[in-house]
Amino acid sequence: MSFEKSKFHHPRLAVNDLGLTYRDYEGSLSTLCAGCGHDAISSAVVQACYELSIEPHKVAKMSGIGCSSKSPTYFLNKAHGFNSVHGRMPSVATGANLANRDLTYIGMSGDGDSASIGMGQFAHVVRRQLDMLYMVANNGVYGLTKGQLAATSDKGAKNKAGEQSLFTDIDLCVMALQLGATFVARSFSGDKKQLVPLIKAALSHQGFAFIDIVSPCVTFNNQPTSTRSYDYVHEHVTTAAIADYVPVKKEITSEVADGESEDICLHDGSLMRIHKLDKKYQTTDAMQAIVDIERHKKQGEILTGLFYLEPTCSHFHEMNNTNDTPLNKLNQDALCPGSRVLTGINNSFR
Amino acid sequence: MKPTDTSNYQHFLKVVDCQHACPAHTPVPEYIRLIAEKRYTDAYMINWQSNVFPGILGRVCDRPCEPACRRGRVEEKPVAICRLKRVAADYKEDINRYIPTTPKQKNGKRIALIGAGPASLTVARDLLPHGYDVVLYERDDKAGGMMRSQIPAFRLPETVLDEELSYILNMGVEAHFGEEISSLKNLIDSNFDAIFIGTGAPQGRWLSIKGHDKNKGEIDTGINWLSSVTFDHTTSAPKRVVVLGGGNTAMDCCRTAKRLGAEEVTVLVRSSFEAMKASPWEKEDAQAEGIEIKPNYTPLEYVFEEDKFKGVLFERVESIYDATGNRTLKETGETLLVECDQVLVAVGQDTAFPWIERDIGLRFNKWGQPALNKATLQSTIENVFFGGDAAFGPENIISAVANGHQAAISMDLFCQNKNAETERPESGFNLISQKMGIHEWSFQSKISQDKRKNVPHIEWEQAIKELNTEVELGFDEKLALEEAHRCLNCDVHTVFTESTCIECSACEDVCPMDCINFVEVDEKQKTSTEQQIKSQLRVQEINPNQDLLVSDKLKTGHLMIKDEDVCLHCGLCAERCPTGAWDMKKLTLDNIGATIK
């Protein structure tokens with residue numbers, strides 16, 4: 001039995017601003033199936049947090065149930081975490097976020113956890129504009145229960161057992177756009193060059209950020225009839241623009257040339273630099289994004305990249321005018337001011 | 001940049017750095033694994049097959065394998081390979097039944113070996129099982145060559161030496177001890193099919209500085225003196241001894257002098273302490289025994305007062321290195337007289353061929369060394385071969401053994417009327433999967449985090465009193481097993497199959513050393529594919545001498561590039577690969593002798 005990752009690392013491994021290597025952001029060694037796309041997502045989260053020099057203990061990893069929801073164990077060992085009830089991660093994340101708004105919230109969910117049992121929760125957390133990164137590892141099947149078709153499975157696709165998907169698939173990106181998410185992207189676990197900058201931008205975005213990540217299930221949905229297999233996705237994936245994340249401190253050297261590049265300034269001053277492959281592409285129109293997604297789907301393509309970004313949005317705390325100091329930092333007297341204040345409040349209703 | 005050629009063993013052998021660095025290509029990880037399984041006899045025989053003298057080399061080898069050990073790339077110190085070899089020798093059972101038998105029916109060819117050192121004895125061992133008549137000539141009364149005459153018994157006990165020499169001598173060598181060959185011409189005329197010259201570098205170098213001609217025995221060469229100690233001609237040392245030189249012979253001289261009663265033993269060397277040629281552990285041991293090493297002193301004069309020897313006059317120098325690393329000594333004018341009763345000069349040694357006539361067609365090069373074909377070790381007389389120090393000047397035991405294998409192959413080919421260069425055999429190779437089941441490999445794939453174990457030794461006070469007591473005790477079984485587990489099993493290779501890779505990046509993500517990369521190469525770009533590949537590596541490579549493993553194009557057109565340099569051979573890539581595109585496969589070579597080139 002050898003399942004242990006050595007603590008030795010490359011002697012030339014770089015460190016970030018905190019003096020940490022990316023290895024310091026790892027979690028336990030994955031117990032998911034060998035080749036699971038979710039592991040690649042974990043690795044992208046590790047890389048993104050390392051590159052952003054996020055302090056691991058200032059992150060909270062939230063998840064529900066499913067293979068996807070096991071994944072937070074496999075990144076950021078030093079972060080906080082909550083593995084909640086099936087489909088209920090958004091509620092728990094909301095509660096946590098209310099209690100401590102200073103943490104960075106990463107929600108990790110799957111197609112079952114978000115598009116089936118947790119559909120209502122998903123819809124409402126988008127509406128609430130909770131300041132978090134919500135990732136869905138989307139493989140089109142229920143891997144943990146041996147490969148039944150999920151609600152995100154393309155209509156007509158067959159699972160490994162030969163069962164055909166009879167119903168219309170749910171596109172979580174389209175839903176998120178309709179419900180007012182302010183950062184919506186789709187990516188592929190097998191393309192970290194795209195995924196890592198998207199995660200970095202999503203983590204820097206103040207507001208609700210949603211990334212749907214096509215993440216093949218190598219055990220139950222990697223057969224030729226699948227539209228979520230490595231081979232199928234490699235062949236059908238397309239993108240309208242390549243997004244680069246430019247951190248605040250990095251000096252911007254090259255000027256934007258001929259309208260084929262676009263810079264979007266995020267809240268913290270960092271930039272999302274979009275290199276357009278399709279000239280008509282834009283990230284400011286949610287309606288247009290929905291049309292683009294559906295159009296490519298009709299052509300049999302999987303459109304990936306950043307679909308929509310509203311950098312100046314307001315999030316849940318701003319909308320509700322909540323306290324700047326996190327609740328967990330307030331003292332007893334402030335949190336529970338006693339009967340005199342209660343009487344005052346009651347009197348105000350009389 | 002072309003995909004790595006995996007149709008032969010070259011790339012794989014180079015990844016096994018210890019084995020590749022060993023002149024005799026000893027399969028180091030293989031025998032360390034056997035030690036870890038307590039299969040000491042098997043570990044010994046693996047060694048015996050390739051390096052012939054495991055017990056001897058387990059004590060006094062120059063250990064070119066250890067600086068090469070890739071464990072030293074990921075933590076402070078390499079695996080104690082040499083000391084593990086000794087473990088195999090110490091704990092083995094009787095191995096006589098495993099020694100190849102010599103056929104009664106001879107092949108009709110007679111071979112002469114001159115000198116009974118490691119090179120000649122290797123030739124004897126390799127050729128005897130093939131039915132050759134092997135006749136050995138040695139001027140000393142016993143076999144062993146420099147291993148006996150120059151290495152003191154406190155480093156290499158006589159019993160160990162005798163045991164390993166006897167395995168070969170008992171195979172049926174016709175040995176003539178105490179018989180010095182004085183004419184190669186006569187030997188050639190006496191109808192041998194081939195002759196091997198392994199006479200070493202028996203002549204110690206003198207320093208012809210002022211006062212040298214007044215020497216009445218106070219000044220001796222180190223190897224002469226060590227040899228006279230070995231053969232009991234010298235049994236004591238005077239009170240104050242100065243040793244000149246900084247190599248292992250100098251270390252042996254000073255430590256021997258201490259044991260023979262010298263009270264003040266000083267080693268003076270021109271170089272800096274760090275640049276001394278002696279192995280670091282020899283320097284450490286000498287210092288532990290209370291010997292002073294004074295670096296940066298060059299001898300000027302042997303000082304005599306009214307014909308009475310007084311000591312050696314030195315000048316302090318400074319080592320200056322130029323940009324290319326060449327050293328020059330800068331004189332400081334500062335002198336130092338070290339008074340002493342005996343000087344041992346250990347500043348080098350040379351080959352000596354006064355017995356080879358210069359008119360018989362055997363050509364020598366400008367350095368007085370025989371002109372040899374490097375691949376075959378054949379001289380300009382077609383049936384005369386050289387090996388060991390006699391061939392290329394002073395090297396070490398393991399190089400002599402490697403030469404012996406090389407020459408034996410050449411002599412065998414020559415005796416069969418084949419061309420020793422063009423018809424040389426090539427080793428076959430095999431890569432065998434080590435997978436036993438899920439998460440189960442036939443080797444210890446878990447990486448030990450242990451630091452290198454020190455070898456226990458006797459007390460230094462006792463050591464300097466007893467000339468023939470071995471200082472090092474060797475690892476006990478517990479230490480040996482812990483040390484063996486530090487080996488990274490570099491002979492179990494990560495073998496990649498392009499056709500089954502689905503590019504899920506699981507291997508790239510899990511690799512603890514960032515060895516695995518998937519890169520995109522555009523052949524139309526101006527920059528070379530090699531530059532493109534190297535600029536995309538996750539971590540810039542450290543050691544460009546270790547070749548990258550470059551795959552053919554994958555389905556998406558990407559390439560898999562593995563930086564072999566710091567791979568731990570932990571097998572996680574193969575463990576996490578869903579399609580078996582990675583496998584851990586052990587390299588086996590069926591003719592290690594033929595891989596020595």
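## Domain 2 against domain 3 in chain B

Across the interface of domain 2 of chain B and domain 3 of chain B, the rule finds two salt bridges, a salt bridge being a side-chain nitrogen of Lys or Arg within 4 Å of a carboxyl oxygen of Asp or Glu. The side-chain pair B:Asp252 and B:Arg155 forms a salt bridge with an N to O distance of 2.7 Å.

## Basis of the model and domain bounds

This is a predicted model, in which local features need pLDDT of at least 70 and side-chain atom pairs count only at pLDDT 80 or more, while totals for chains, interfaces and linings use all residues. Residues are numbered from 1 along each chain as its sequence is written, chains are lettered from A and ligands numbered from 1 in the order in which they are written, and side-chain values use heavy atoms, with hydrogens and water left out.

Chain B is divided into domain 1 (10–97 + 428–484), domain 2 (99–202 + 351–415) and domain 3 (204–347), with bounds that come from an automatic or database domain assignment. Taken over C-alpha atoms, the centres of domain 2 of chain B and domain 3 of chain B are separated by 32 Å.

## Chain B against chain A

The contact between the chains, meaning heavy atoms within 4.5 Å, takes 40 residues from chain B and 31 residues from chain A. Chain B and chain A bury about 3000 Å² between them, of which 56% is on carbon and sulfur atoms. In chain B, the residues losing the most area to chain A are B:His439, B:Asp509 and B:Arg576, together 20% of what that side buries.

Five salt bridges are counted between chain B and chain A. In the salt bridge of B:Lys446 with A:Glu4, the closest N and O atoms are 3.7 Å apart.

## Cysteines

Over all chains the count comes to zero disulfides, a disulfide being a pair of cysteine sulfur atoms within 2.5 Å. For A:Cys265, the nearest cysteine sulfur, that of A:Cys313, is 13 Å away, whereas for B:Cys22 the nearest, that of B:Cys65, is 6.6 Å away.

Technical notes
Buried area is the accessible area (1.4 Å probe) that two parts lose on being put together, summed over both.
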